Every structure is written in structure tokens, then in C-alpha cells.
Amino acid sequence: MSLFSKLFRKNTHKNPDKGIGAENSGSDTESTPIPSQYIPLAELQKQRQQLEVKITGASRTYQTMILAIDIERGLLWLDDLFPQQLILDVGDDITIRHHRNGEQLVIQAAIVALGSTYGASGLAITLPESASYQPRRSSPRFMIGHQSPLSVKIRPLGQEPCYGTLQDISAGGLRVMVAGNLIPYLRHGALLPLCEVNISDELQIRCRARICAFRIGRSPYRHTQISIKFVDLEEETRDSLARFLQESDLGQANQTWDSYAA
């Protein structure tokens, strides 16, 4: 850790308006041309864009900014997470996201060093091999609603199974409308031990799922809308579902795109 100790100590004497690695980048990274695969990161740094951060195993979302791109050492320097957190440690994995015009940039990496260890701010993660925006919506989603209501059975962890109406579906996941308020029993990223829906006599979905989003709706009655992503759906069943949706007339008039990856 001597390298990081040196770098962090160096940054404790810099202008407080500059982030970790800023002084270092003045002598190293600025003289090193930014490779094309890191141009999106350089733009985010220049524009001081807020990035969404999630710590693996935690449900809360944080924000940060890119302070420096250290090509030479293969590090990405980030500002302290906001709001302040006390659980982060070296070796923890985090996921960084930035959304732009229907696309998202996603980086998953391990924490290499914490500035707090050296009396500084910020943190460093391993620089990914590349960073680019990808379409956020990667598979066709078919809107169902009340046109052809199908029943979905789900079971939140530690709760009894409940039933709702299928609102839309893709090969990657679905959105279900359940009567009443289930918000106290849901959290982002939580695993649903059961997700079950009979699409047709020949096609049944039965798997675990992960909660991607949820909200309260008030029309046509008070209900909870839950977007979920299939976790361990068999590939054969997933392919059959994709073919069924493409070949059928199920909601095609209102077809959109979604990956249920939010």
C-alpha cells in the first residue's frame, strides 16, 4: 500500500477544491493521452457529472463524481460518496451508473484504496478495460395491461404468496400490479423466491426474480406496481418466451423496449 500512501499524502497538501488524484493527474494523466475507450469517463469528469453508486450487498444508492483517470496506474479516482456512509472498505465491490438519452454507462469494480486511511478524501477503484454507453433497453417489452390480463404469482421474502395482474413482459422480466400497498415488504435488489405466470398452456414461467423498481398507483384502484428481473429462468424457457412474444399479437400494438435492469 506504499504507493497509495504516497499518493494520498501528496493530495492532502493540494488545493481543497481539487479532488484526489487531481495534482497527480497534472503531472501524469494530463501528459498521457486519454485512450478512446475512456473518452466517456473523461467527459463525465470534465462536466462534473453526478454518478449513481451502489455498494454490492446494500440497497441504498449514493452519488459521486470522477476526480481523475489514472491511465498509468490503472485507477479511477472518485469523490467521497454522498450521503456519507461508514460501511465501505477496501475490497468491496461497487456498481457505478450514468444514464444519458436512453443509454447507460455501467462500471463494476472493487475498491482499491480509501482516502480516509491516509487522512484524505475520496476513493480509488480499478479502471475498467473500457467504458461505453449501452442501450438501457435491450429486449422487447410487450404492454399487456387490461387488454389481456394474466395473473402473476410472486412471494416477497418472508411473506405469503400474493397475486397480481401482468402489466408488461419481456424475455428479461415483467411488471405486475398487485392490489394494496406492498411497499413495506419490498426493497430494491431484493430476491423474490417465487415468480410464476402461465403465459399459455404450453408456456409457464416459474423462477426466482429480483426487484428492480416499485411504486404506488392509485388508478383504477390503489395498488403496487413492481418491476422484476428473472434470475434463474432456464434458457430454454427464456428463448420460448422471446419467440412467443415476437410471434404472437400479445400487446404488440404497445411494444416498447426495456431490460428490467434498473
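## Basis of the description

The model is predicted, so local features need pLDDT of at least 70 and side-chain atom pairs count only at pLDDT 80 or more, whereas totals for chains, interfaces and linings use all residues. Residues are numbered from 1 along each chain as its sequence is written, and side-chain values use heavy atoms, with hydrogens and water left out.

## Helix α3

Helix α3 covers residues 39–47, and its buried residues are P40, L41 and L44. Buried denotes under 20% relative accessible area, exposed over 50%, and partly exposed the range in between (1.4 Å probe, protein chains only). Helices (H or I, at least four residues) and strands (E, at least two) are DSSP runs, numbered from the N terminus.

Viewed down the axis of α3, the buried residues fall within an arc of 100°, so they line one face of the helix. The arc is taken over the directions from the helix axis to the C-beta atoms. The elements that cover these buried residues include β1 (51–55), β3 (66–70), β4 (75–78), β5 (93–100) and β6 (103–114). After α3 comes R48, which has a positive phi, near 50°.

## Helix α4

The 13 residues of α4 should span 18 Å at 1.5 Å a residue, and this agrees with its end C-alpha atoms, which are 18 Å apart. The expected span is 1.5 Å times one less than the number of residues in the helix.

T237, R238, L241 and L245 are the buried residues of α4. Seen down the axis of α4, they fall within an arc of 100°, so they line one face of the helix. The face turned away from this buried side carries the exposed residues E235, E236 and E247.

R238 belongs to helix α4 and counts as buried at 17% relative accessibility. Apart from its neighbours within four places in sequence, R238 is in contact (heavy atoms within 4.5 Å) with A171, G172, F230 and L233.

## Salt bridges

The structure holds 6 salt bridges, each defined as a side-chain nitrogen of Lys or Arg within 4 Å of a carboxyl oxygen of Asp or Glu. Being 3 residues apart in helix α4, E235 and R238 are separated by about one helical turn. E235 is exposed, at 52% relative accessibility, whereas R238 is buried, with a relative accessible area of 17%.

Another salt bridge joins D232 and R208, whose closest N and O atoms are 3.0 Å apart. This pair links distant parts of the chain, 24 residues apart: D232 is in the loop between β15 (223–230) and α4 (235–247), and R208 is in strand β14 (residues 204–217). D232 is partly exposed, with a relative accessible area of 38%, and R208 is partly exposed, at 35%.

R100 forms a salt bridge with E103, in which the closest N and O atoms are 3.4 Å apart. R100 is partly exposed, with a relative accessible area of 34%, and E103 is partly exposed, at 27%.

The charged end of R100 also sits over the ring of Y133, 3.6 Å from its centre. A charge sits over a ring if NZ of Lys or CZ of Arg is within 6 Å of the ring centre and within 35 degrees of the ring normal.
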